[in-house]
Structure formats: structure tokens, C-alpha cells
Amino acid sequence: MKRILINETLNHIGKSVKISGWAGIIRSHGKIIFIDLRDKSGFMQVVVTPSNETAYNLAKETRPEWVLEITGKISQRPEKMINPKIATGKVEMQAENITVLAKAKTLPFSIEESGMEIGEEIRMKYRYLDLRRDRLKKNLEIRYKVFQHIRNFLEKEGFIEVETPILTKSTPEGARDFIVPSRKEPGSFYALPQSPQQYKQLLQVAGIEKYFQIARCFRDEDPRGDRQAEFTQLDMEMSFVEQEDVMEITERLFIDIVKKLFPEKQIQEIPFPRISYKEAMEKYGLDRPDLRKNKDDKNLLAFCWVIDFPFFEKTDNGGWTFTHNPFSSPNPEFINDLLAKKNIDKILTTQYDIVLNGWEIGGGSIRNHKPEALEAVFEIMGFEKERIKKNFGHMLEAFEFGAPPHGGIAPGMDRFLSLMLNEPNIREVIAFPKTGDNRDLMMNAPSVISGEQLKELKLEITKKKSLAKPKRKAKAKK
């Protein structure tokens, strides 16, 4: 007999079927035993009576979270026993045979509650158990549906999905890189991408005019409450576009996601309001304002755009650095100032951020597509010619072969999903997140590698010498 999912049992009333899953709550009412069996589709109440001695004896031994295979007849529940809270609440199974597929130890925590009542570290250590919660399973299902919706939407808009490399080159892009040593070239290293920024621009040079990717990104940042060392963003890039084109399609995409997948949500204002960086700072004191008219309404979504950012800002040592992205283009009226490297503090960039309920959920810009403009950005930042060539020579060379005007955006999907699902942090919408300090307690990572691996990579670990002063020997008493 072929196994069916629990939610399919409604189509088999009066028939014997086979279901499999995890035992939930087990109850004894007199001589009758009730087992709530759970699979990915829902719950089924299984009734076991003494008339079937073998199944009954197994049911008496069964403990929560044992994995069972049960065959039995699906029947209507008595009127008074109907459970309207579950999809299969009008039926139950009369057990004919029970097979124990796997036993389970007592779980380190209850999976019946939200999980918020216990510490993060134990939840992360036993994440595969934590994910048995209905809430977290639902979050992953919705995450999948959102990603699939994005793919379908962008395909209709003429985009193609292209995967870009995970092993790449270390370049200064704002955050610290994760470094990977090369075994074949000792002393040389790859980096994990902070974003596919350079690759997606090179795809525009290649003539892939509409690109997207659900991309994994990696940043070795210091611990922060709601950040992850690895995260997911929707990466998009388009050729022959202006700022308005990128913002328009991004806005339509988010509106479509909300209307189709989150119909209970209400977007406060369409089209999304636009605020300059200067106005946002003067009026709200930050560049990601929360524009909700009623902040107690969890289903109210206040999107907005923040535009006209300063291109550069002062560093601690008095030099200049970019505010968002070194590959951005200035607003057209400032291109001559950029090339002349003057009036630097007044140059505004084509950067645009999309903000939702006070959280930045994405940012993008129109890019510099001419080598002299990109080179000017790095010169303003104090890079010498040799360093520019070393770090970004491949980009400058590519732009010499005919690069189209292009621009894009990269919304952070973990943040967007946590807001849509009313979750307190992004870890609740990621299958296997790290802790706040970037540890994977389930896999015990990061971890020490073997001496043999270090030898293969031509690496040595140097222990830091103690700075403690040596203790003086005690003088012998005379």
C-alpha cells in the first residue's frame, strides 16, 4: 500500500490507507489510545483499540516524536469530537497496523510553543528539532513561495536567472571578506562574495540585459543583533535603464508579492513616497524613516524610497570613502565634478534605498559604466594607480570593450520576509541561521582543522604570545 499525506485522507473516507509521520500528543481515554500523527501536510487523530492487540501494545509503548507508519480505515468523527482547528478535524483513522520506523529520545525543549520562551543557543544547537514547529515550517514554506513568485514575475519581464561564482577575488567593497586559502597556489586566497556586484555588472558588459539571482552573500562583520554572516538577497541588474526604470519594476514586484501572497497586508501608499536623504535626516533623524500612520497595525506596510544620497563621506583619518557603493554613478549634474575630483562633499549619487516600516530592505544605483568615471571614484578615495589596477583592473578593462549604461538593486530577502511574517528577527525565517556572534552551534562551526589540512594549504597557526609578566620567584625566608 502506497503512503499518502495526511491532508489527502479527506478523500479516502471509508477506505484503508497508509500514513507516516511523527507522534505528537498521545492520550489514553479508558482503554482507547489516541495518537496525534503529524506529517508535513498536517495532523491526523489515530484511534487505537484493544481489539487489535498488536497495534494496541505498540501504541502503549509509543512516545512523543517517535516516527510511525500506520495503516487504518478513515472514518467520520462523531459530531461532538469534531476539531475545527485542524483541516482533518472531521475525520480520524481506526488503526489496523502500526510500525515503529524510529524511536526518539525526549526532546530538549517543547515544540508545541513558539520557541521564544527558551534561549537562542539551545534552539540553534538543535535547530533540526526547532524547525518542527508549525510556525517555522510555515515560514520556510512562505519563503519558498515568495522566491518562486519572484522567479515567475521576473521571467515574464524578460529577465534570466544566472548563477555567479562563490569563490571570487577579495576587493574592498565596504565590509570584511571571508577568505578561503588556495591549495594549488599557496599564499593566495579566494574570497566569498559580499554580493554579486561585480559579476552582475560584467554580465551587462556581456549583453545579458536583464539579469537576476536569488544570491547568497557573505560578510565577516562584527557581531550585531540582527545580522548574519551569510544572507540572501534578490540581485537584479538591467542595461539601458535610468533610475526611474529600476525603481518602477522593483515597486511593481513588491506590490505584486504583497497582493498575491500576503492579502491580509495593506500597503499604506501607492506609488511609494520618495524622500531625499537630506529631507529624511532633517525630518526623521535617520535615512530609513518609518512612515506608518498607525505603528500598532502589524498588517500595515509603509514602503518608501530614499534618494539623492551623498556619494562620499569623510573617514576617521580625514580622507574620503563611499557611502553605499563605489560602483555607483553620480547624479548626471555631478559627473564633471566627479571627473575633476572637486566639490566632493556636494556630489550626490544615483543610489536609491527601499525602506519598509523603518527598515532598509534594499538598495541599488545606476552604475558608472565608463572606466574613467569608476577610476575617479577610487582616486577620490585615495587609491593609488597600482592599487586600483590590482583590485579593479578587471572591471576597468571590461568597460573598455563597450559597456552599456546599467543599474540594479539588491533587496535583502531575509529582512523583507521577517517583516512580512511579523517575526522579531531574521533568524526566524532562515532554515539554519548562525547565532548573533556568527557561530553555528549545531555543526560546531567555526572549528579547528587538522594539522594535515593546514599542511596541505601551506598554512601555520601562530599563537599570540602572552603579555603577562613572568612571576618573580619568592625569596627564601632567612
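Glutamine 198 sits in helix α5; helices here are DSSP runs of H or I with at least four residues, strands are runs of E with at least two, and both are numbered from the N terminus. Glutamine 198 is buried, at a relative accessible area of 9%. Buried means under 20% relative accessible area, exposed means over 50%, and partly exposed is in between, with a 1.4 Å probe and protein chains only. From glutamine 198 to tyrosine 126 there are 72 residues in sequence, and 37 Å in space from C-alpha to C-alpha.

A word on the source. This is a predicted model, in which local features need pLDDT of at least 70 and side-chain atom pairs count only at pLDDT 80 or more, while totals for chains, interfaces and linings use all residues. Residues are numbered from 1 along each chain as its sequence is written, and side-chain values use heavy atoms, with hydrogens and water left out.

Now the whole chain. The protein has twelve helices and 19 strands. Its radius of gyration is 29 Å, well over the 23 Å that the globule rule gives for 478 residues, so the protein is more spread out than a compact globule. That radius is taken over C-alpha atoms, and the rule is 2.2 Å times the number of residues to the power 0.38. Along the principal axes, the C-alpha atoms fill a box of roughly 90 × 90 × 45 Å. Of the 478 residues, 45% are buried. Among contacts with a separation of 6 or more, 65% join residues 24 or more positions apart, where contact means heavy atoms within 4.5 Å.

On a 1 Å grid over the protein atoms alone, a cavity is a set of points where a 1.4 Å probe fits but cannot get out; a pocket is an open set with protein on both sides within 12 Å along at least five of seven lines; lining residues have an atom within 4 Å of a point. Points are joined across faces, edges and corners, and a volume is the space filled by probe spheres set on them.

The largest pocket holds about 1,400 Å³. It is lined by 44 residues, and Arg219, Glu221, Arg227, Phe231 and Glu360 are the closest to its centre. Elements giving two or more residues to this lining include α5 (197–205), β10 (230–239) and α11 (413–420). Strand β18 has the largest share, seven residues. By class, the lining has eleven nonpolar, 17 polar and 16 charged residues. Here Ala, Val, Leu, Ile, Met, Phe, Trp, Tyr, Cys and Pro count as nonpolar, Asp, Glu, Lys and Arg as charged, and the others, Gly among them, as polar.

The second largest pocket has about 630 Å³. Its lining has 19 residues, with Phe178, Ile179, Pro446, Ser447 and Ile449 nearest the centre. Strand β7 (residues 179–181) gives the most, three residues. This lining has 14 nonpolar, two polar and three charged residues.

Last, the cavities. How many are there of 30 Å³ or more? The count is two. The largest cavity holds about 50 Å³. Ten residues line it, and the closest to its centre are Glu221, Asp222, Arg227, Gln228 and Asn438. The second largest cavity has about 40 Å³, and its lining includes Arg216, Gln228, Glu230 and Phe231. By class, that lining has four nonpolar, one polar and three charged residues.
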